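Notebook open, model loaded. I'm jotting down what I look up as I go.

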Amino acid sequence: MSLAIATLGTPRIGPRRELKFALEAYWSGRIGRAELLETAAALRAANWADQAARGVAVIPSNDFSFYDQMLDTAVMVGAVPAGYGWTDGMVSLDSYFVMARGAGGEDCACGHPGHGGGVPALEMTKWFDTNYHYLVPELGPGQRFVLASTKPVDEFREAKAFGIHTRPVLVGPVTFLRLAKGAAGFDRLTLIDRLLPVYVDVLKLIAANGADWVQMDEPVLATDLDAAARAAFVRAYGLIASAVPNLKVMLTSYFGPLADNLDLAVSLPTAGLHLDLVRGRDDLAEIGGRVPDGKVLSLGVVDGRNVWRADLDACLDLLRPVVARRGFDHIQLAPSCSLLHVPHDVEAETGLDPDIRSWLAFARQKMDELVVLGRALESGSDAVADALAAARAARASRLSSRRVVRSDVRARLAAVTPALAERPAPFAERAALQRQRFGLPPFPATTIGSFPQTQDVRRARQALAKGAISETDYRDFLKAETAACVRWQEEIGLDVLVHGEFERNDMVQYFGEKLDGFAFTQHGWVQSYGSRCVRPPILYGDVARPEPMTVDWWRYAQSLTERPMKAMLTGPVTILNWSFVRDDIGRDAACRQIALALRDEVADLEDAGAAMIQIDEAALREGLPIRKADRARYLDWAVESFRLTSSGVGDATQIHTHMCYSEFNDIIASIAAMDADVISIECSRSKMELLTAFADFHYPNDIGPGVYDIHSPRVPSVEEMAGLIRTALGHLPAERIWINPDCGLKTRGWPEVQAALANMVAAARDLRQTTTR
């Protein structure tokens, strides 16, 4: 019997972001439901066919999603809150998208009439410690679960009709409940007995249609579990095993070691168990003889989250003993997690430096690596000698490349002292100087930074790249866009302005392109959420700043107005966490290198006259290790990196930062330790619930709680935003509250941005008149 190669999930957006463009065309009404469904079916079929052609034997289905797998699961079990256009029966696609994107006025989030009512989208947060976002199901004590979508069954049948026998993928019931949200004090795991019958119904349908295996994703097994969660696992998988005995379950965990949950995972009555051996290599040694002889081990030896070629020799050294012990029929080779987190195909990167390209493996290459490993284990290394030699040469090339290591960067990092990460005066003294300097009104209104990147902006950028316009013409165009943006901000009455960032393609890519040590792809897109795709930089070497990156654009924008103009930077932790990071040095060292490069930019901005400098750390929380024991070290170097970037300025210079879509409770002390003068945060989707952490901690600095959700196309009313600000006043003193949206406005259209910001400014003015500070 041959060694089975498996994938746990594949990129769903398409090699050229076909899903993104189809979704946005559907939402805008440019295509209909049939065309959207046709595009999705074609993408699924292409994915299945490609895996089969590459030698993957265990191919997933239901890893596709129009938006997010947690939303798919909520819809499957009928966990649809009131107000989203569903009462019973199967949940419609339009109701699904209203949950994902919200709806306002008379039009639904899909661009179709009839779903009015002004409902917000579900809350969104990060999927463990990745840059993928999921929509948070809302559950309550009276929650009713009912089968409301047969998507897992439908897509299994679709693949079967296409001639591919797949292993359907479901988010497991315990992970679903643990990641959902409920009222304060409500334990979602108490709903397990209500939820399980729906899972059993789905699994019975899958089995009845011919499936022999199902993949149950339970990544919470890699987290700290209490007794209730462990009991829920025992209850759930005991019931599934007895209720659907003819369907084998591959229990899948990833993003870390099972560690103290190893015995639990092994003991559950499942036919298979997947181990993430990239982040949890020690599990393989610990598991020893604990796994019953009949249980299949899925070994995640190829990194599903990063883009470097695997060290195939090291993988074989790890695999040979376990294969010899268990035999081919009880082993599968797999990526560490779903390949959702990496781009499609490195072969598309014809413009990338050939040396750097040779170091990389995207989703398709990772499947090929698994096939090579399988053949080497079955037939010996000689059978794949050329592939192993190529991998060996690529790794040696990368580790010895002169562009990877810079002595000047290493020397500067070695000379860092604690004093470099300290502001001269405490916040209270700085705040007094800053209030005197700026003279802002109560509840100062501002934005997070970016303004809409219109088709005209994108066309101009493309024209420059193709040589159709000159650099001078392009800069003149950007100056006109910036000037118009500044004038409009003044007209509506914003108190602190931004230049709009029209010259920036992406908040991380823009800086990476101007720093040494980063490489960039043309087609290396990955999904962040819904139709939002990002193209992460590849951090391959030591980081340095050859020249100023933002000073000229800030200076130009400030010359257009007398009002304060924030300078906008992306912080070192966010640049790190939103990049594919090198693995030859520690993440902490790489982050400090970025921080020192940005510190030079901050100094140049201040020298140019910038009095407010925003250093966004949107991704600080998402890099938090999922095990509590590992968090302190991460937070120490992450906070130090931010402070290395920000602490070289005078006391009257105001440092802002921004964070979005994060649970702040468990890192609030570290947020305070960053010592930013003003922090702006996402708050509208949670209806200001996130402020509880800041209030309970007695957070000392200024806060801008976001008053409207920029990821939804709806325009909140003045009254709605003023109501959220009044809610914020229940948590924070008025003199420390700023008014701003949840996040940057790059992805939105000008009409909704103009309407929403005008309402936001009106809400701030209303509060100034009705609130005594």
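This is a predicted model: local features need pLDDT of at least 70, side-chain atom pairs count only at pLDDT 80 or more; totals for chains, interfaces and linings use all residues.

I began at His274, where a polar atom of the side chain sits 3.0 Å from the backbone oxygen of Ser336. I also found a polar contact of 2.7 Å between the side chains of His274 and Ser298. My rule for a polar contact is a pair of N or O atoms within 3.5 Å; within protein, one must be able to donate a hydrogen and the other to accept it, and residues adjacent in sequence count only if both atoms are side-chain atoms. His274 is in strand S8 (residues 272-276).

Residues are numbered from 1 along each chain as its sequence is written, and side-chain values use heavy atoms, with hydrogens and water left out.

Buried or exposed? I checked His274. His274 is buried, at a relative accessible area of 0%. The cut-offs are under 20% relative accessible area for buried, over 50% for exposed and in between for partly exposed (1.4 Å probe, protein chains only). Leaving out residues up to four places away in sequence, His274 touches Leu8, Met250, Ser298, Gly300 and Ser336, among others; contact here means heavy atoms within 4.5 Å.

**Annotated histidines**

I looked up UniProt next, where an unreviewed entry lists His658 for "binding site". UniProt positions are in the numbering used here, feature names are shortened, and annotations may be inferred rather than shown by experiment. His658 is in strand S18 (residues 654-659) and is buried, with a relative accessible area of 2%. A polar atom of its side chain lies 3.0 Å from the backbone oxygen of Ser680. With neighbours within four places in sequence left aside, the contacts of His658 include Ile448, Asp616, Glu617, Asp742 and Cys743.

The "active site" annotation, also from an unreviewed UniProt entry, covers His711. I traced His711 to the loop between strand S20 (702-705) and helix H26 (718-729). His711 counts as buried at 9% relative accessibility.

Which backbone oxygen does the side chain of Thr570 reach? I found that of Met507, at 2.5 Å. Thr570 lies in strand S15 (residues 567-570) and is buried, with a relative accessible area of 2%. Among its contacts beyond four places in sequence are Val508, Phe511, Ile615 and Asp616. I also checked the C-alpha atoms of Thr570 and Thr657: they are 87 residues apart along the chain and separated by 9.0 Å.

Trp488 is in helix H18 (residues 471-492) and is buried at 13% relative accessible area. Not counting residues up to four places away in sequence, Trp488 touches Phe451, Trp750, Val753, Gln754 and Leu757.

**Domains**

The domain assignment gives domain 1 (4-66 + 144-400) and domain 2 (415-772); such bounds come from an automatic or database assignment. The contact takes 38 residues from domain 1 and 25 residues from domain 2. The area buried between them is about 2,500 Å², with carbon and sulfur atoms giving 57%. Buried area is the accessible area (1.4 Å probe) that two parts lose on being put together, summed over both.

Across the interface the rule finds 3 salt bridges, a salt bridge being a side-chain nitrogen of Lys or Arg within 4 Å of a carboxyl oxygen of Asp or Glu.

**Salt bridges**

How many salt bridges does the structure hold? I have 48. Arg627 forms a salt bridge with Asp224, with the closest N and O atoms 3.1 Å apart. Asp588 and Arg592 meet in another, at 3.6 Å, N to O. These two are separated by about one helical turn, because they are 4 residues apart in helix H22 (residues 587-608). Both Asp588 and Arg592 are buried.

In the salt bridge of Glu752 with Arg748, I find the closest N and O atoms 2.3 Å apart, and both residues are buried. Last entry: salt bridges that share partners join Arg44, Asp72, Lys151, Glu155 and Glu158 into one network.
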